[in-house]
Amino acid sequence: MMPARTPFIVRLGRSFDARSWQMAGLFAACALIAVPFMHLALPPDHPLHLSTYFITLTGKILCYAIVAVAMDLIWGYGGILSLGHGLFFALGGYAFGMYLMRQIGRDGSYQSDLPDFMVFLDWQELPWFWAGSDSFLWVALLVLVVPALIAFVFGYFAFRSRIKGVYFSIITQALTYAAMLLFFRNETGFGGNNGFTDFKRILGYPITAPETRVVLFALSALALIGTLLLARYLVTSKFGRVLTAIRDAESRVMFIGYHPLWYKLFVWTLSAMLCAIAGALYVPQVGIINPSEMSVANSIEIAIWVAVGGRGTLIGPVLGAFLVNLAKSWFTVSFPEYWLFFLGTLFIVATLYLPQGVVGLWLRLRRREPPPAAAATEAKGARA
Amino acid sequence: MRKFGLLLCGWLLGAWGAHAAIDPELLKPLASDDSAVRIDAIAALAQASPEEALPVLKALAEDALAVAGGRMLRVEDGRVFDAASNSELRPPPAGLETIGINNRVRRELSAALAALRLFSAERPVRWQAAQEVTLSADAKMLPLLDKALAAESDPEIRNRLQLAQAQASLGSSDAAVRHAAVRTLGESSDPRVRQLLIPFTEKRGEVWVEADSAVRAAAGTSIRSIEQRLAWADHLGRAFSGLSLGSILLLAALGLAITYGVMGVINMAHGELLMVGAYSAWAMQSVFRAYLPGALDWYLLAAIPVGFLAAALVGVVMERLVIRHLYGRPLETLLATWGISLFLMQVARTLFGAQNVEVANPVWMAGGIEVLPNLMLPWNRIIIVAFSIAVLVAMWAILNLTRLGMFVRAVTQNRPMAGCVGVPTGRIDTLAFGLGAGIAGLGGVALSQIANVGPDMGQGYIVDSFMVVVLGGVGQLAGAVWAALGLGVFTKFLEGWTGAVVAKIVVLVFIIIFIQKRPQGLFALKGRFVEA
C-alpha cells in the first residue's frame, strides 16, 4: 500500500526510463517530420525520397505493430492466447469502412446515395446499423465501442466459466470463424466477399493523395507510440503485476483474494479496442477490407509476430511485426512459393528455440559478453 | 372407344398368345395419315396379340417399320421381315417407304410399349414398365392393366400396377370409380401422384374441377396422407445426411480424440494429416491406373493401409522432431503445429500442384439404394458410415484390448508412475501420436471419395474437428462419437430451415455458449484434478 498516491503523470513518466523516452521521441520525430518531408518535399529522383510504396507498406506494418502489442498484453502478460484478434481488427476496419463507403457519395458506379453493393442487391435504404455512418465522430465511437462490447460480453462469460489455455484459444477461433462466415453473406449488409473497397475520400480529402497518406501514416505512428506508452504504464503498475501473477499461478492469486475475472476482462477488452483502432487506421491505407481478414490463419499469424519478437516485452512485438511482415512482402514478391515454407519454419523455430523471441536472444547474447545490465529489465518483463 | 371395347372383348375371349401371326388388317391402319386412326390401331394391336405386337411397335418407335407394295415390313439389322408373319423376306423388296410418326403418336406408342412390357417374363423389365406406366396411365390402358394385374404375382409390382390402375380411372365418368381411385392413390408416396391429385381440390374460375364433393374430400385426405409420407421421407433423408456428416466429422475428429483428447497435444496440423491420407488415395489411384488397370476399381482398398501408414509416418516424424520438445506447453504446441500445417500445405502444393486432383469413385460405390420414391441413399455415403464405424471399433479395440493401448492409457493417467513400472513413456508418446495421425489418414482416404482433394482441404476440417473434440469432452472416445453424430444431425436439420451458412454459424455459436456452461464437454472424466 502506497502512503500517498503519486500523480498519474509522474507515474506515467517513471514507467519509462530516460533512454526509452529519448527513443520514443526520436521515433515520433522521424514519423511526424522526417518521413513526411522525405516523401512530400523531396523530388522523386532524389536519393532520400521515400516512395508511396514505402509509406503504404510501413503504415500498414505500423498498424500490425499496434495489434501485436495488443496481443502481447493479453498473451505475453496475461497468458491468454487469443486466436480471435483478427476479428476485432476486422471489426474496427469494417466500422471505419462504413464511413469511407458513405464518403464515396454519388461517385460510385451506380451514382446512388447507397453504397454500390446495396444497389446491386436491390436494397432501397440503408439497414438500421448503418444509421449515422456518415458522421465521422459516430463511426469513431463505433470503432471503439462495438469490438469492446463484443469482447466484454464474450470475455465475461468465458473468464467467468474459467475457460483458459487451449480451450480459450479454440473457442476464440470458432468465434472468429463464425464471424467470417457471417460477413461472407451478402445479406449481412457488409458487402459479402468483396467487402468494402473503392474508397474516394476521407473527411472530404481525396484518400489517395500523398498528403492524406502521410497524415494517416503519422497517425498510425502516433497511435503506436500511444499504445506502447499505455501498455508500458499498465504492465509496470500494480495492475500489471497482478496480471502477470495470474498468468503464472492463477489459483494462488485467487487464494490470496484477488478476483482474476476483472483483471483478465479489462486487459482482454482493452486489447480488443487497440486492435480495432489499428484496423480503423489500416483500412484507409490499404483501401480494402473484406472477410478474409477474419480467417483463422490471419489471427494465428498475429501470434507469431509476438512470438518472434519476444513475449512479455513491449518492444518485441513491434520488432516481430516488422520482421515478419517485411519478410512477407519480400518473399511474396521474390519467391511466392517459399513464403509458406518460411512462415511454417518460423513458427516451429520460434517456439522451439526462441522462447523469448529475438529480444530474448539479443539479451542472452549480450549477457554472455558484457556485464548483465539488461538482466534486470528482462526479469521484470518475464516474471513479476 | 367402342371399337376399342370390341377389340378388347375379342382379345379377352381369345387365349393368351394364341395367334402365331398378326392379322395384316390390324397392321394396315398404322400407315394411315390420320394420327387418331394410327393411335387406335396401336391400341388395337396391343390388345389383340401382345407378344407379336411388341416387335412391330418397337420397330415403329425406332422408325424401322416400312411399307412396300401394301405390305408392312420390319427392318432389323439390314434384314427385312414381314411384319405380319414375322418371316424374313429374301431378297428384300424394293421401294421401302419408312413410316414416320409424330410426337403425339410417339407418346401413345411408348405408353403402349410400356404396357406390353408388363407381360414380360423378366421381373426387372416388368418393374421398369410398371413404373413407366404409373406416370402415363390413362383410361385406354385400363383393360391392359387389369389383365396385367391378374397375371402379376410380385407384390411390389402389383402395388405399382394398382396405383397405375387408380390413376387411369381418375378420368372415369363414374364418380364412384373416381372416388375409389383417389383413395387408392392416397397410398402412394410419390410426389408426382400428389401433383396429379391437386387439381381435384381446386376451383377453375367459379367451378370446382371435380364436381363430386365426396371425391374432392377424398382427394384432400389422400393429398394430406401423401404429404405426410413425403415429410417422413424428407426427415429420414435429413437424418441420413446428418448421420453421414456425423460420420465424416467423426473420422476427422477420431485421430484428434487420441492426440488431443488422450495425449493433450493440440495438433493444428491435423487437417493436413487428413490431406496426406487423401493424397495417398489419389496416389494409389494413379499407381493402379498405370500398372493394374484391370483392378482399378479396387484401388481404394489398397489406399486404406497406404493412407494410414503415410499419415502415421508424417505424424511420427512430427512428434520426434517438434512436438516432443513442447510437452506441457500447449500454447506453443498450437503455434508450432500450425507452422507444420503451413509447411505440409506448401509441400503438397509444390509436389502435386495448387489445383485439386481428381479422385474418382470406384464403380462399386456409385449409385444408391432407393428406399422411398423421393429418398435415395447413395452407396458412397453408406460405405463411409460403415467405414467410420469400423475405424471406431478398431480404435476402441486398440486402446482397450492391446498392450499398446494399455500403455497409452497408463501414460495418460499418470506419466511418472507409468515410467516407474517400466513403460517406455517416450516411445509410447510417439506410437500414440502416430496412431492418431494414421487414423486421420484413414479419414482422409474416406474424404477423398466425397470432397475435393487439394492442398487446402485440411483447413476446412480443423475448426470442425476441434469443435467435436471440445464438445465431446477430453479424455475418451464416447464423447467424440456423440458429439460428431449430434453435430451432424443438428446441422443438417438446421440447414433445412436456415440454409447452410447460417446453420454453421448457429452451430458454432451454440458450441461457444455450451462450452461456457460445461467447460469439460459433454462427457467429463470422473474424478478430481488439481490444475498444474
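How many residues does the contact take from chain B and from chain A? I looked this up before anything else. The contact takes 33 residues from chain B and 37 residues from chain A. Two residues are in contact if their C-beta atoms, placed from the backbone, lie within 7 Å.

I then asked which elements of chain B are involved. Helix 14 (330–352), helix 19 (459–472) and helix 21 (500–517) of chain B each supply at least two residues to the side that touches chain A. Helix 14 of chain B gives the largest share of that side, 14 residues. By type, the residues on the side of chain B that touches chain A are 25 nonpolar, five polar and three charged. Here Ala, Val, Leu, Ile, Met, Phe, Trp, Tyr, Cys and Pro count as nonpolar, Asp, Glu, Lys and Arg as charged, and the others, Gly among them, as polar.

**Ground rules**

I note that this is a predicted model, in which local features need pLDDT of at least 70 and side-chain atom pairs count only at pLDDT 80 or more, while totals for chains, interfaces and linings use all residues. Residues are numbered from 1 along each chain as its sequence is written, and chains are lettered from A and ligands numbered from 1 in the order in which they are written.

**Chain B as a whole**

I find 21 helices and eight strands in chain B. Helices (H or I, at least four residues) and strands (E, at least two) are DSSP runs, numbered from the N terminus. The radius of gyration of chain B is 33 Å, well over the 24 Å that the globule rule gives for 532 residues, so chain B is more spread out than a compact globule. That radius is taken over C-alpha atoms, and the globule rule is 2.2 Å times the number of residues to the power 0.38. Along the principal axes, the C-alpha atoms of chain B fill a box of roughly 100 × 65 × 40 Å.

I also looked up burial: 43% of the 532 residues in chain B are buried. A residue is buried if 20 or more other C-beta atoms lie within 10 Å of its own, exposed if 12 or fewer, and partly exposed in between, with C-beta atoms placed from the backbone. Of the contacts in chain B with a separation of 6 or more, 69% are between residues 24 or more positions apart.

**A sheet in chain B**

I traced an open sheet of four strands in chain B, with the order 3-2-1-4 and antiparallel pairing. Strand 3 and strand 4 (97–98) of chain B stand at the edges with a single partner strand each, so one side of each has no neighbour in the sheet. Two strands pair if DSSP finds at least two bridges between them.

Strand 1 (residues 65–68) and strand 2 (residues 71–76) of chain B pair over four bridges. Ala66(B) has Leu73(B) as its bridge partner, and Val67(B) has Met72(B). The hairpin of these strands has two residues between them, and Gly69(B) takes a positive phi near 60 degrees.

Four bridges also join strand 2 to strand 3 (residues 79–82) of chain B. Here Arg74(B) stands opposite Phe81(B). These strands too form a hairpin with two residues between them, and Asp77(B) in the turn has a positive phi of about 55 degrees.

I checked the length of helix 18 (residues 425–447) of chain B. At 1.5 Å a residue its 23 residues should span 33 Å, and its end C-alpha atoms are 33 Å apart, which agrees. The expected span is 1.5 Å times one less than the number of residues. In this helix, 18 of the 23 residues are buried.

Is Ser32(B) exposed, partly exposed or buried? Ser32(B) has 14 C-beta neighbours inside 10 Å and therefore counts as partly exposed. I place Ser32(B) in the loop between helix 2 (24–27) and helix 3 (35–48) of chain B.

**Chain A**

I count 16 helices and four strands in chain A. A compact globule of 384 residues would have a radius of gyration near 21 Å; chain A has 22 Å, which agrees. Its C-alpha trace spans about 65 × 55 × 50 Å along the principal axes. Of the 384 residues of chain A, 42% are buried.

In helix 9 (residues 238–248) of chain A, the buried residues include Gly240(A), Leu243(A) and Arg247(A).
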